[in-house]
Amino acid sequence: MASTACFVIVSKNDIPIYEAEVGTAPRKEEVAYQHQFILHAALDIVQDLAWTTSAMFLKSVDRFNDLVVSVYVTADVHTRFMLLHDSRTEDGIKSFFQEVHELYIKILMNPLYMPGSRVTSSHFDTKVRALARKYL
Amino acid sequence: MDPIRTYLGRLLLEEITPVVMVITTPLAEEACQKNGFSFVDMLLPFSLFPRIDVPVRTASDQPYRLQMFKLRLFHASNIRKQNYEAAEEHLKRVISDLNEKNPPDLLSEPPQLDTALTKSESDLCPGWIKTFNKELIRTVSFSEHESFDHPVACILVASSKDEEPINKFTDLFNMDQTPPLLNEGVMDPKMLKHYVLLHDNQDGSTENAASIFAEMRGTFGQYDCKMLCINSLREGDENNNEVMWLPYRNYGILDHGKTCCLNTDDLNQIREFMQDLTCNHIIPYMEQKIRILNQQVSTTRKGFRNQIKNLWWRKGKDDMPEAPDGPMYTFSSVESQIRLLGDYAFMLRDYELALSNYRLLSTDYKLDKAWKRYAGVQEMCALSYFMLDQSRKEAEYCMENAFATYLKVGSLAQRNATRCGLWWAEMLKARGQYKEASSVYTRVSNEEPTLHAAIMLEQASCCYLLSRPPMLRKYGFHLILAGNRYYMSDQKQHAIRAYRNALFVYRDNSWSYINDHVHFNIGRWYGSLGSLDVAIKHVLEILACGHQSQPTQNLFLNEFFHFVQSAGKRFDVHKLRLPTINMSSFKVIHEDHRTYASAADFDMQESVWRDLEEEMTPTASAPRANWLDTHPKSSLKTYDHCVCVAGEVVRVEIELKNPLQIPIPISGISLMCELSGNSDASTLDNGAASFAVDESTGHTESPVNRLMDGDDSSFNLSKHDLVLGGGETKRVKLKVTPKVEGILKIVGVRWTLSESVVGYRYFEVNTKKKTKAKKGARISSGKNLTLIVIKGISKLEGRIDGLPAKAFMGDLQLLNLKLRNTSESAVKNIKMKINHPRYLIPGNSRETDLSIPQCLGEKNAHEEERYNLTDNKDTYKNLLFSFSESNVVQGGETFSWPIWFHCGTPGKVSLLISIYYEMENSTSGMTYRTLRMHHILEVLPSLDASFVISPCPSKLKEYLVRMDIVNRASSESFSLHQLSCVGDKWAISTLPSCTDITSVQTVLAGQALSCFFKIQDLNGVTEGECTGHRSNMLMGTEGSREQLFDISKSPLIDFHYQERHHQDKLAKVSESLLDFILISKAIGSNFESEAGSSHQLLSHHMCHCSVTRKSLISWRMSVPYTIYHDFSSSICEVELHVDVLNCSPNQVNVQVSTFDYTPDTTENPSSDWSGASSLSTKQSGWSDISLENDIRVMSSPKKVQKYHKSTSESAPPFVWCGSSAIQLSLEPACAARVPLKVCVFAPGTYNLSNYELRWKDVEGLSGSSAGQGHPFYLTVLEGPHGKVTPV
């Protein structure tokens, strides 16, 4: 079954630093902006929610029609992993976020990477896609 | 908060009020129409009583007062449920009417973040949305499941002109004018009736009417009848009563152009009538009805017994089939009566009573599964809670329940769900729960057609903005959703409005797809509405959409050009995004005293040039010892800033990138410059500063017009056209040529995209940074935008004709350096410096007209002065070549000079040539300039020759040479021409046995071959002996007319010294014997085009060739081989001698010792020589051998033992005479002769190898070593004495 999944890492000031369509549904132009809109709007909710809990995984915070936004907030609160997906198990999403977090930390460790800049590593990209296939 | 004061409170007070049904006769209606409205309309202004103050007593005994009251008047024909289509039609009309009245303001600036946050709700949501909401709610009026729309009273109207008005009144109510619900039995037909006799004063006096009225009173009762006189206005009377109806314009009143004929008396009469109707009839009637109903309900339903009975009774109905609307309830059923009781109580604002009844009823309906009714009751419960301002949670729960239940019922109750949602949202808003309200609006929007959904979404977005803290991103998103729906329902203006309002949320964000979507749609819609300027402004934002797919990029671009074309005027766009300009690549190339042969030469680092020119240029100012030293004032002040020369081109290089996948044509790329005539350096900074200010304030006047075009005669600009392919990056070189002195400012760049849009961009230079870097301005950061233009001075342009980009190693060519003086005045004192004299050597003026290879020929040799070895020792350094003083290049003249070119080792070489010259008559500060030329040369491998020289075994001064040649070129073949030894000390000749080898002419690509030669050391050989020996050898076929080249002549020997110097560094050989030069010719045609001629010569220089030796010294026994001796007379004494040559660079002590036994060569053939053989293999590192030598020394006693052993077995047939050991000391490269004597006792052949040489390096570098004598066979024959056969 074709599924939608759009993964975005949003850094400080709501700048997306990594975007990937990881769903199996064929990529369409017209949904690309829709996904961005939904994810962008969900940031409002995340902003409120992030400070109310100590958990990093915020579960599903927002929905638009049948699309759900799940969010994982890293320790600095400014970097947020957002996944737009249709209904899926929470456990898989949680593991996905945790492993991506590890990858992201490795990116951060790179002395040549400036925090808050775009993640362009192709290794990171392939790894994220592999994780998406594994867990989502 | 007081619920009455909230919007919802007021809405409920206005909308849930008693309904009065009006039935008129046609004649009565006609009388009203004279004023342009119906009877109902006429009463409309008087149906609202803001300060009525009526005491009311409902079920409880506590009276209370109503302050404000309203009646809703409807003509009987209107009291019917609207069907869906009609309602849609009505709402559409409402929206279009509202649009006409309040067109959205689309041309003002879109709102900003701070202004949007301070706005109140009414500002955010356009007012017409409220009106629309009301209309939307009204479409569900007169439904069968709610009774607050059921008429409480009925006004029957007949005209005084009607015949038999009394009968008319009775007929009116029984006719089919009555609403269908009444006939179906949903409404109670027993309602309050009021009879009105309408008299038109224009029809005559009231007498007739009065009589009818009296009759009416008799028939229908004293108090239920009323006579109204209208249209009593006479002509000429003042008339301003229309004002009364003005607030009701929306309903289409007064639009017929008819004048109002009502005078003040009429109005007062109507007002009194309505007041009387309300206070004395309707309200008391409702009070009474409430009391009766309450009584009934109490007896049937209240109390424990009734409840049990009710439950039991309801259970029995469980098995009845479920109708979509639930069971049918008539007005007389208990449920309807409870509902009516609740509604009446609600209308009279006894919310407690209403609530208790609604709650009672809701359980009943739930048990009956009458869902629509259940939902309706729940809705009213919630409203009652709200009006009582109690239990918010309960109210919300009821609302949610009602909403969900309506949705469950399906399409029949969809609009009800909408109404319920709207009330719910209003309720939440009244309590400040904006976030919840917006989600309700969103839910409502899902149930409505697109246009209504758009309006709902817009309200939702407003709520997000009003929530605390404001949820801007949700606000933006919902506005976009709303806008999208507006567009789908063909309301472009509203769509634009919605998108525009959302703009500030998405400003400057990096969510690319969002930006593209918003700007593209706004642009497109503006374009279709004809506001092309605004449309273009928005589409400009998205032109650089590299992340989009190609069709989308095409779409964006086409749309943009379409707008631009339809706008039909020129657009100047600051910071046009197509193409992208890479500012980090930005570079200004200007020539001050440093000039460049081509623009590419500028890329070289300044320090490289400065190192090269160090000795050549005069030092501009003495270097300061410390910072206290002031800079000498006299030093050229112009150099503090960047300087360029009038009339000379200033280049600006910039990178343009096309972010799209589609090619874009760009034309007319040129610089924008300013040239001010003031050359005073002090104004420079001020000028720059003022310009910066100018830029920050934003240019009001388009600077393109101000700064462009070379009509301004002070400078010229170049223009470029190009097409950038998809994703392509191109470097553009822009030029500006100042014509007069002054200060040139390079302001920006402009270009035309697709011949329709002019883009421009300023070069932003941080002024602070600039002042900081000012001291280092001479080191030119390449980013300086302000240049001082000085007066034109002379300039040389130079190039080297025929300098190839690729050449084979060893390639030798004569090139021509051409210098052209482009200016008027002459230049003098020309000097040149080359960084690689190994590759380029300036020739002699005599060689200008010569050509290769004739000039190298041997016959010219005597004409040239021979270079002395010592003179050229230093030439391997950087070559500073001064042209003679007489070489003055006049203005406009071209000066040429031969220059020799030779390729060294393969690889890439960058050749730097700097030419210094001075002005003949310099008026400006500049006295000299340098011309810098840079050339990158790729040297390809060609022939690779190596030599192995081994000493000739028979002669000490001769050597055998093996030359291994490998052609490493990929495809080129070479023919060997000449092999020469450098210097006079050597002679080269072919070996007599293999002359044919020299005839091998051609070495094909990849071929390897070996040739053997003999060389002879002419050192110490007298002049007479060396005749016939030559240091050159022609390698062509015998007898060919090939010309020998003189290697001791100018270019060859020069290059040879360069090569020698370079190979010196590489070679580790401590002893160098001689250098070879191999001259070959290229015969392939691969590089014909570049090389130019088939006579391409290559010279290969192999320097520091050394002899392969096995030991430090070489020796040879010299001989007679055969002697005749008469043994009868005596034993034979043979005089022998051993020639010893010291080949090492050091002094060596040698001991020659003889012993009289045969060495045991069979037993141990190689152990003796193992050291020596290893020596030969490692000849390059003699010092390493010492360890092995030590081992040998240690093992030598054992060896001696061996010799002794053999002595006992056989004695040699000859004996050494004389001293058994001779010691001598040899200077480096010296030979000595050691005399030896041997006694032979019988004829025979003797091996005279049993002698040994031991030698020791005096300086101890290679230790001591020993060597067994070479086998030497002496044959002694019986014969006459003294006959000796020499070799």
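Mentor: Let us begin with a term: a contact means heavy atoms within 4.5 Å. Please keep in mind throughout that this is a predicted model.

Trainee: Which residues does Gly1279(B) touch, leaving out those up to four places away in sequence?

Mentor: With those places left out, Gly1279(B) touches Tyr1124(B), His1125(B) and Asp1126(B). Since contact means heavy atoms within 4.5 Å, the word "touches" is to be read in that sense.

Trainee: Why is Gly1279(B) called buried?

Mentor: Buried means under 20% relative accessible area, and Gly1279(B) has a relative accessible area of 14%, so the residue is called buried. As for its place in the chain, Gly1279(B) lies in the loop between strand S50 (1273–1278) and strand S51 (1284–1285) of chain B.

Trainee: How far is Gly1279(B) from Pro1243(B), in sequence and in space?

Mentor: Gly1279(B) and Pro1243(B) are separated by 36 residues in sequence, while their C-alpha atoms are 9.4 Å apart in space.

Trainee: What makes S34(B) and strand S36 (residues 1008–1017) of chain B a pair?

Mentor: Two strands pair if DSSP finds at least two bridges between them, and here 5 bridges join S34(B) to S36(B), so the two strands count as a pair, running antiparallel. Within S36(B), Gln1016(B) is the bridge partner of Ala987(B).

Trainee: To which sheet do these strands belong, and what is the strand order?

Mentor: They belong to an open sheet of 4 strands in chain B, with the order S31-S32-S36-S34 and antiparallel pairing. Strand S31 (943–951) and strand S34 (986–990) of chain B are called edge strands because each pairs on one side only. From one strand to the next, the twist averages 30 degrees.

Trainee: What pattern does chain A follow along the sequence?

Mentor: Chain A has 3 helices and 5 strands, which follow the pattern β-β-α-β-β-β-α-α along the sequence.

Methods: Residues numbered from 1 in each chain as written. Chains lettered and ligands numbered in written order. Predicted model: local features only at pLDDT ≥ 70, side-chain atom pairs only at ≥ 80, totals over all residues. Heavy atoms only, no water. Buried < 20%, exposed > 50% of the residue type's maximum accessible area, 1.4 Å probe, protein only. Axes fitted to C-alpha atoms, helices over the stretch in contact; angles between N-to-C directions.
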